[in-house]
Amino acid sequence: MKIVVQVRLMPTPEVASALECTLRAANDAANWLSGQAHERGEFSRKALQGFAYRDLKDRGLSAQPALHVLRKVADAYTTLRANIRNGNLGKGGSKRRAKAEAQPIGFRPAAAQPYDDRCLSWRVDERTVSIWTTAGRIRGVRFICSEQARKLLSDHRKGETDLVHRDGMWFLIATCEVPEAEQYEPADFLGVDLGIVNIATTSDGKIHAGRKLNRYRKRQLALRAKLQKKGTRSAKRVLKRQRRKEQRKATEANHIISKRIVIEAERTGRGIGMEDLAGIRTRVRLRKPQRVALHSWAFAQLGQFVEYKARRAGVPMLFVDPAYTSRMCAECGCTDKLNRVSQGRFACRSCGFVDHADRNASRNIRARAWQLWRSGAESHAPAPAQGAGRRRPPSSQLGSTSKPGPSGPGS
């Protein structure tokens, strides 16, 4: 399996200037090539290389960096066509889709640039790299990383590495091929219900609350609004310093939660069942105060973290259809909108079963995952862009992320 390792470069001012010029040259070339591709209507790597390779080399790029620019532009247009095909940019004739189709794809001056082993050499034990720049090959550029990252680089690094300039710092993000553990036969499954009020709730009853993270997000939102309204130079400096702090906080929380879920499943010899929530942001329609909460919800990242940690530990994992899980009784199977009394309370109108609403949903997810496994389903990650067109959940139940169903009443 592929994972990435990030290390921080510690270049001298002269080396940093050379790296900055290299990124700018590569992305200027990518913007030129993107305009040519859009004008000609040719987007494949082979077509781009046929008419642009010499021009890219004339712009100061060596052979391998020129090929990486070609691939970067071709891959960007492949992604754009996939988004259009899957309806992620709206239906035909929509303003968003028309805007995306009417202009060439643009690349920021400091956008990441991929490197391969011909342009970038690692000296992991010495913690230095030799890297190609438009000013020539620069050797002995020092980097710092944790001991765990150093071991991964030494034992498993394979493939491309991205050069990234972010917040005044330089990073290398390397790809590592890590062997997967042998998957065991699960005795049962651990169901995981995802939400905003409670980030994750397991079928064992463990609740990973999102109260602290949600309060932090509200404070950050108020602070950004205050600073943007003020508009002074010092306010803009603070805004720049605050960038991505909220994202890093959410990423840290997701790493901690995913690790605990995988450890618990591995300790008890169970698999993990999670909801496939792909496309939920395009399906739901919410009141304005709830939109910020939905679009700040990093459920996809949490699913990815659980998935790769489970693969490394050999824990089977299935993503199941989330329809009706929040409205179906885990005891008798009765599905009714009125079973969901409030965000945190579930009371079955048929058998009288009462439980925490998220725990009841996680028990339904566990049952679906176990049923899928016994029917012969393979451990897998969710396919992208599934579930488009399902009905949206009532906005009053956003706090627990009521799951939309394909027909009939919502979950």
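**Close-up views of a predicted model**

View 1. The exposed residues Arg-233, Lys-236, Arg-237, Lys-240 and Arg-241 sit on the face of α7 that is turned away from its buried side. The buried residues of this helix, which spans residues 233-242, are Ala-235, Leu-239 and Gln-242. Viewed down the axis of α7, these buried residues fall within an arc of 65°, so they line one face of the helix. An α-helix has 3.6 residues a turn, so residues three or four places apart point the same way. The packing partners of the buried residues of α7 are α6 (211-230) and α8 (245-268), and just after α7 the residue Arg-244 adopts a positive phi of about 65°.

**View 2. The crossing of helices α1 and α2.** The axes of α1 (residues 13-40) and α2 (residues 45-58) come within 11 Å and cross at roughly 145°, and the crossing is right-handed. On the α1 side the contact is made by Ala-29, Trp-32, Leu-33, Gln-36, Ala-37 and Arg-40, while α2 contributes Leu-48, Phe-51, Ala-52, Asp-55 and Leu-56.

**View 3. The largest nonpolar core, with Leu-163 among its members.** This core has 55 residues, of which Leu-9, Leu-33, Trp-122, Leu-153 and Leu-163 touch the most other members. When residues up to four places away in sequence are not counted, Leu-163 touches Leu-9, Leu-19, Leu-23, Ala-112, Gln-113, Tyr-115, Ile-131, Trp-170, Phe-171 and Leu-172. In soluble globular proteins, nonpolar side chains tend to be buried together.

**View 4. Ala-357 in helix α12.** Ala-357 belongs to α12, which covers residues 357-374, and is buried, with a relative accessible area of 0%. Its contacts, not counting residues up to four places away in sequence, are with Arg-340, Ser-342, Gln-343, Gly-344, Arg-345 and Phe-346. Although Ala-357 and Thr-201 are 156 residues apart in sequence, their C-alpha atoms are 9.7 Å apart in space.

**View 5. Asp-167 and Tyr-324, two loop residues with positive phi.** Asp-167, in the loop between β6 (157-166) and β7 (169-177), has a positive phi of about 55° although it is not a glycine. Tyr-324, for its part, lies in the loop between β12 (317-320) and β13 (345-347), and its phi is near 70°, again a positive value in a residue other than glycine. With a relative accessible area of 34%, Asp-167 is partly exposed, whereas Tyr-324 has a relative accessible area of 19% and is buried, because buried here means under 20%.

**View 6. The whole protein, as context for the close-ups.** The protein has 12 helices and 14 strands, and buried residues make up 44% of its 411 residues. Among the contacts with a separation of 6 or more, 66% are accounted for by residues 24 or more positions apart.

Technical notes: Residues are numbered from 1 along each chain as its sequence is written. This is a predicted model: local features need pLDDT of at least 70, side-chain atom pairs count only at pLDDT 80 or more; totals for chains, interfaces and linings use all residues. Side-chain values use heavy atoms; hydrogens and water are left out. Buried means under 20% relative accessible area, exposed over 50%, partly exposed in between (1.4 Å probe, protein chains only). Helices (H or I, at least four residues) and strands (E, at least two) are DSSP runs, numbered from the N terminus. The arc is that of the directions from the helix axis to the C-beta atoms. Contact means heavy atoms within 4.5 Å. Axes are lines fitted to C-alpha atoms, for helices over the stretch in contact, and angles run from 0 to 180 degrees between N-to-C directions. A crossing is left-handed if the near helix is turned anticlockwise from the far one by less than a right angle, and right-handed if clockwise. A nonpolar core is a set of buried Ala, Val, Leu, Ile, Met, Phe, Trp, Tyr and Cys residues joined through side-chain atoms within 4.5 Å.
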